[in-house]
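Work through the exercises below with the sequence and the structure in view. Each task is followed by a solution in steps.

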Amino acid sequence: MKNIIKIKNISVSIQNSIILNDISLTIQKGDFVGIFGPNGAGKTTLIRTLLGLQNFSGEINLFNKSIDKFEGWSKIGYLSQKQATRSINFPSTVFEIVMLGRISLLKFPKIPSHQDKLAVIQALEKLKIADIKNLSLKELSGGQQQRVFLAKTLVANPEILILDEPTNALDPEIRKEFLEILQSLNKNYNITILFITHDIHSLNEFANKILFLNKKLVFWGNLLDFCKDDSLSFYFNESEHHSICKQHNI
Amino acid sequence: MEIFEYTFIQNAIISGIFIGLLTSILGVFLVLKKLSLIGDGLSHLSFGAITIGLFFGIYPLWVAIPIVILASLLIQFLIQKSFLDGDSSIGIISAFGISVGVIFSSIGKGFNIDLFSYLFGNILTVTKSELTFSIILAIIIMIVIYLYYYDLLYITFDIEQAKVSGVKINFIQSLLSILTALTIVLAIRMVGIMLVSALIIIPANTALQISNGFRQTLINSGIISVFSIFLGILLSFKFNLPSGATIILVNLFLFFFSTIINRK
């Protein structure tokens with residue numbers, strides 16, 4: 001398996017407060033990583049660090065290149081935690097928003113070609129929202145908005161998809177549907193997925209790797225090892241830990 | 001129709017079209033970035049710069065252009081480095097401009113009549129050279145907006161995502177700041193220091209109420225602005241009213257009209 005994200009001894013401090021302490025791990029192509037942890041555990045900070053948005057100490061390699069020399073940002077799609085709430089009243093149509101996802105592929109002057117427009121339509125079709133391409137965001141339901149943002153991240157054909165609690169505001173039914181879309185992208189297109197959530201129950205049936213953070217790395221591995229790890233009972237009450245593992249007959 | 005035979009009316013309409021397009025298009029970006037009041041702050045700073053120009057006998061806009069560009073970059077820097085939020089940065093620059101303006105206008109008592117024309121503007125007195133200057137600058141600014149349209153749109157939509165997508169944030173933000181500064185200085189001759197921010201804020205907000213899609217919002221904002229300026233010039237000529245204030249009142253009328261339509 002190809003290593004596409006390699007993190008070695010990274011630490012992050014913000015205003016003298018330690019947010020992440022000495023994290024090391026390697027993520028391989030095709031992994032579906034569920035990132036969990038209590039509020040303030042440093043989940044979003046870890047993602048922001050991987051995206052070059054946060055100062056850190058240590059080493060990060062993306063696609064075998066040190067992050068400070070890495071330029072292939074179009075390979076990474078990012079859907080942020082605040083995207084939906086921040087953008088709800090933005091006057092763009094669905095088509096215009098998804099087109100923004102192609103920006104990382106365009107050279108100056110960044111004027112989209114016929115091929116870019118076609119890619120947008122294909123991304124919309126992939127997520128079954130082509131029929132709403134001329135509507136503005138505020139006319140859409142929460143589930144449709146999330147699909148639009150996902151289409152925007154997919155339109156540049158990323159190899160890694162990073163999603164920061166994108167299903168928080170969704171109904172359980174729509175959340176499941178959204179996760180199934182991600183699962184199909186992971187299985188059918190071999191897209192690596194990093195998915196942050198504070199609710200481990202919502203993701204454990206989709207993720208093949210679990211990253212449990214609490215400022216430091218508490219657990220990193222597959223679900224089987226997660227269930228066998230007794231030290232995690234400190235973070236979960238026992239029945240909760242068991243219910244997660246029971247779902248998979250572990 | 002004989003009104004259109006006057007050269008000063010022709011100059012006013014032509015420069016009005018160009019400046020109106022600029023303020024309204026940039027206005028959409030600024031309003032959505034929650035920097036609506038930057039027009040106020042920079043125009044107040046222009047007041048200070050113009051008084052310096054008048055005091056030393058230099059063409060005031062030549063003094064205002066570099067000072068306002070520097071100030072707009074400073075505001076951007078303060079926001080970016082999280083030293084201050086947008087409102088506070090703009091407020092401080094604004095207060096500085098007004099203070100300098102008051103001091104210089106108090107020392108140099110002789111130029112208060114000239115100053116009055118910058119404070120309240122008069123598009124009907126735009127000279128041939130000012131007209132040429134505004135057309136050239138307006139064309140340059142529009143070409144720049146066209147070339148960087150998607151970058152500007154992306155930093156307006158979500159600056160963090162734009163950064164992750166490889167948009168050169170610092171460069172594009174600086175570009176937007178410089179374009180805004182130049183546009184404000186140009187627009188001062190038309191509607192004056194007191195009202196220039198209205199040309200940025202009102203057409204953009206009117207267009208946001210009635211448009212579907214970002215491109216359509218830009219186009220509608222431009223149409224609303226040019227129409228208001230055209231009608232404002234005609235009304236101010238016909239009823240002998242101050243042109244700047246008349247243009248803004250037409251803009252406000254359209255804004256309220258669009259609000260009522262939007263509510264229905």
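**Exercise 1.** List the residues in contact with A:Leu150, leaving aside its neighbours within four places in sequence.

Solution. The model is predicted. Step 1: take contact as heavy atoms within 4.5 Å. Step 2: apart from those sequence neighbours, A:Leu150 touches A:Leu79, A:Leu127, A:Leu161, A:Leu163, A:Phe178, A:Ile181, A:Leu182 and A:Leu185.

**Exercise 2.** State how many residues of chain A and chain B are in contact, and what area is buried between the chains.

Solution. Step 1: on the side of chain A, 32 residues are in contact with 24 residues of chain B. Step 2: the buried area is about 2,500 Å², with 61% given by carbon and sulfur atoms. Step 3: of the area that chain A buries against chain B, 24% is supplied by A:Phe90, A:Pro91 and A:Leu100, more than any other three residues.

**Exercise 3.** Count the salt bridges between chain A and chain B, and find the partner of B:Glu160.

Solution. Step 1: there are two salt bridges between the chains. Step 2: a salt bridge needs nitrogen and carboxyl oxygen within 4 Å. Step 3: the side chain of B:Glu160 pairs with that of A:Arg48, at 2.4 Å from N to O.

How values were computed
Residues are numbered from 1 along each chain as its sequence is written. Chains are lettered from A and ligands numbered from 1 in the order in which they are written. This is a predicted model: local features need pLDDT of at least 70, side-chain atom pairs count only at pLDDT 80 or more; totals for chains, interfaces and linings use all residues. Side-chain values use heavy atoms; hydrogens and water are left out. Buried area is the accessible area (1.4 Å probe) that two parts lose on being put together, summed over both.
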